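Subject: Structure handover

Hello,

Here is the structure I promised to pass on. Please open it first, then read my notes below.

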Amino acid sequence: MHLYLHIPFCKQACHYCDFHFSTSLGQKSALVDALCTEIALQKSYLPHQALETIYFGGGTPSLLTEAELAQIFETIHAHFLVSPTAEITLEANPDDLDSGKLQMLRRYVNRLSIGIQTFDETTLRWMNRAHTATEAEVCIGLARQAGFENMSVDLIYGIPDRDNQAWQLDLQKILALNVPHLSAYALTIEPDTAFGRWQKKGKLPPADEDIAAGQFEELTSALTTAGYAHYEISNFARDGQYARHNTAYWQRRPYLGIGPSAHSYNGHSRQYNLANNVRYIAAISQGKLPTTREELTVADQVNEYLLTGLRTQWGCSLTELDTMLGGNFSAIQARDLAAMYKTGWLVRHGDILLLTQAGKLFADRVAASLFVDA
């Protein structure tokens, strides 16, 4: 079992972010109460097994106070068993992580995911990040002093009009800091963001796919040379310190999502909460789950397996695809498989389909070419 909690609050809006959040913190206490009530309401969603991972995402979960964290964990333990070896992750921004806050967090969580994005001061201001480049670097040392050996850092590449030297410096800094896990994402400009509105007005050029591809190649070369396993397209880990929670998503394990906009999956259906804090709190206070449910067809499940599995170093099992489909996947998709082999984007090793290094640049396109019809 895996548990996700969405904390929908931020100090300010980053120009690229289209996740659900609010910069008004007035309802934070009421939202935490609602989260705890939803945990109780959803306690039977998953089989009664121990939680192997708990993940606080957002938004900015590092805005939670100790009293709020204590309330949430008290509720979790009242309704679920938690494995003694559970990975408990909290997303944090560098400007929240002083020594006192880190020591407090260490009493509740054992893994941090730190949203650094870049060590370049100019780019941080352009993104409207709340932290400075100095805070980005210092917080990693402070986290280690507080006992957080298991931590991840986020970076963004493929930024329009940015000197590639800034990306090279980001990579050098990450390697020098020797973080055990890195998540790196190409900038995606979504319509309902500041960047999206700027681009619509002609104030921001579109991302250059060739530049992004080149920076991805630099990223993978630098990290794998330094001993990191490139275990998912956007994720790198050394010494086997994979993100266990996110790996559960990619391997289609059941998970429960709590909070506004949170998603859940139980193997045969998905459900997601409405993305509105006020309406979420109101519904939960009445004992109602503000949830939309979607039953998954066989085709849905096969296609989701292709979409997520091909992104990982474990690939997709043809035997499992056959079992899911109730037929011979290789025969049904023979023409499309042959086309992907010919492009050099996909290979087969025994029972397993894997993306090649070149194919990682076209992962979604490869997966979509192999989708089965409903």
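The charges come first. The protein carries 30 positive and 40 negative charges. Their mean positions lie 2 Å apart. Please keep in mind that this is a predicted model.

Now the overall form. The radius of gyration is 21 Å. A compact globule of 374 residues would come out near 21 Å, so the protein agrees with that expectation. Along the principal axes, the C-alpha atoms fill a box of roughly 55 × 50 × 45 Å. The secondary structure consists of 15 helices and 15 strands.

Next, burial and surface. Of the 374 residues, 50% are buried.

- E13 and E15 (residues 352-355) run antiparallel and are joined by 2 bridges. Ser 317 stands opposite Ile 352 in E15.
- E14 and E15 also run antiparallel, with 4 bridges between them. Here Arg 348 stands opposite Leu 353 in E15.
- E14 and E15 form a hairpin with 2 residues between the strands. In this hairpin, Gly 350 takes a positive phi near 65°.

One residue elsewhere is worth a look. Phe 236 sits in strand E8 (residues 235-237). Is Phe 236 buried or exposed? Its relative accessible area is 0%, so Phe 236 counts as buried; the cut-off for that is under 20%.

What is Phe 236 in contact with, leaving aside its neighbours within four places in sequence? The list includes Pro 180, His 181 and Leu 182. Also on it are Leu 219, Thr 220 and Leu 223. Tyr 228, Ala 229, His 230 and Tyr 231 complete the list. Take Leu 182 from that list. Leu 182 is 54 residues from Phe 236 in sequence, yet their C-alpha atoms are 5.2 Å apart in space.

Best wishes

Key
Residues numbered from 1 in each chain as written. Predicted model: local features only at pLDDT ≥ 70, side-chain atom pairs only at ≥ 80, totals over all residues. Heavy atoms only, no water. Rg over C-alpha atoms; globule rule 2.2 N^0.38 Å. Buried < 20%, exposed > 50% of the residue type's maximum accessible area, 1.4 Å probe, protein only. Lys, Arg positive; Asp, Glu negative; His and termini not counted. Charge placed at Lys NZ, Arg CZ, Asp CG, Glu CD. Pairing = 2+ DSSP bridges. Contact = heavy atoms within 4.5 Å.
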